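Please look through the structure below with its helices and strands in mind. The paragraphs after it go through a few of the places where these elements meet.

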Amino acid sequence: METASNSGEREASIGGLLPASRAFLAPMSGVTDLAMRRIAARFGAGLVVSEMVASDELVRGSEEARLRAEGAGVTPHVVQLAGCEARWLAEAAQVAEASGADIVDINMGCPAKRVVGGWAGSALMRDLDHAVGLVEAVVAAVKVPVTVKMRLGWDDASRNAPELARRAVVAGAAAITVHGRTRQQFYKGQADWAAIRPVRAAGTFPLVANGDIATLEQAQSCLERSGADYVMVGRAAMGRPWLPGAIGAALAGREPAEVSLAAKHDIAREHYESLLSLMGRESGVRHARKHLAAYADEALASGLEPDENARRELLTTTEPARAIAALGQLFSTDRLGAAA
C-alpha cells in the first residue's frame, strides 16, 4: 500500500504501517536507548529503531538485552535483532513481538569485528542463501512486519545488496534499509547514496537509505540519488535527537519546530535522568557519558562559550546532581555568543 505524502513524494507503508515522516532514527549500538528513542519519536521521527539486540541473549532472558529491546512509550516500536542462527532469531522475534514490537528488523549490516566474527551482521552478506533462510525463519515466526538492514556488500568486489534485497523481499521482508558503504569501509570515507539505486531497481518494496545524513539538503540529495522512499539518520542525531523529526517535517514541506537553547538543555537533562531511571544509577551514569558529550558539543555548536571545567565535570562525575549542574552551566545563556 502506498499513499501520497504532503510534499507529493512517494511514501510506502511498511507491512501496512505508514511512518509519521520520511526520516527515521537509525539503530546504533550503545546509543539508541529507550530514552533517546522516546525523545526522537516525540519530535516526529518517522520510525525509531532499538539498539542491536543479540537474539540468543534476548531468548535467554538477559537483562541487558531486555533493556535494549524495551519500547514502552514508543509507537511504532521497532526492535533490531542480530544473530546467525535461525532458531535464536525466530525465538527472539517471538519474544520481541510478545513484548510489544510492531516491527522486527534483522541486522545484516553491522561491521563490528565482534559481530562479524560470529558470522552475524554484515558477515551474512557473504552467504546469501543462509541470510535469506534467516529471513524466512523470522517471517514464519511472527505476525508483525519483518525488515532487513544491510550494507552495499562485504567489499567492493561483492556489492550484492540488490540481490539480497530482492531475495529477502521474496522471503517476506516488508522493507529494506541500505547503508551506503561496504562492510570493509566501516565508517570511513563518504556514504555512496547513488550506489543504493541498484537496490531500488531490484523491486518496488519500501527502501530506506542510510549513511552520512545530517541536514535537509543531504536528505533530499540522498533520496534523489538513491531512489529510496525514506532516509535514516544515525550519528548526526547524537546530542540532537530532534533532528530526524526536523528533517522529516522539512521533507514534507513543513517548517520544523524550533528547538531553543532552553529546550535543548531540558532534552539533555530528560535523557540523562531517564537513563538513570531505566538502567539504575551505576549503569545509567556510565551509559550516559557518550550522550552527555554529544549534548555538550551541541551547546558549543549553538554558539555558547566553551567551559572546559563544566565539561570535565559532566563527563567524569558519578554524582547525578553534579552532572545536572554541569549540564546547566554548559547550556547557560549567559555565555551565548561569546564563542563567536
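Helix 4 (residues 86–98) and helix 6 (residues 128–141) cross in a right-handed sense; a crossing is right-handed if the near helix is turned clockwise from the far one by less than a right angle, and left-handed if anticlockwise. This is a predicted model, in which local features need pLDDT of at least 70, side-chain atom pairs count only at pLDDT 80 or more, and totals for chains, interfaces and linings use all residues. Residues are numbered from 1 along each chain as its sequence is written, and side-chain values use heavy atoms, with hydrogens and water left out. Helices (H or I, at least four residues) and strands (E, at least two) are DSSP runs, numbered from the N terminus.

The axes of helix 4 and helix 6 lie 8 Å apart, at an angle of about 35°. Axes are lines fitted to C-alpha atoms, for helices over the stretch in contact, and angles run from 0 to 180 degrees between N-to-C directions. From helix 4, Ala 86, Leu 89, Ala 90, Ala 93, Gln 94 and Glu 97 meet Leu 134, Ala 137, Val 138 and Ala 141 of helix 6; contact means heavy atoms within 4.5 Å. Sorted by class, this contact has 8 nonpolar, 1 polar and 1 charged residues. Ala, Val, Leu, Ile, Met, Phe, Trp, Tyr, Cys and Pro count as nonpolar, Asp, Glu, Lys and Arg as charged, and the others, Gly among them, as polar.

On the helix 12 side the contact is made by Arg 289, Leu 292, Ala 293, Ala 296 and Asp 297, and on the helix 13 side by Arg 311, Leu 314, Leu 315 and Thr 316.

Strand 8 (residues 175–179) is largely enclosed by the rest of the structure, because 5 of its 5 residues are buried, meaning under 20% relative accessible area with a 1.4 Å probe, protein chains only. Ala 175, Thr 177 and His 179 point one way from strand 8, while Ile 176 and Val 178 point the other way. Strand 7 (residues 146–151) runs parallel to strand 8 and is joined to it by 5 bridges. Met 150 has Val 178 of strand 8 as its bridge partner.

Helix 10 (residues 243–251) has 8 of its 9 residues buried, so it too is largely enclosed. Its cover includes strand 3 (23–25), helix 9 (216–226) and strand 10 (230–233).

Methods
Buried means under 20% relative accessible area, exposed over 50%, partly exposed in between (1.4 Å probe, protein chains only). Two strands pair if DSSP finds at least two bridges between them.
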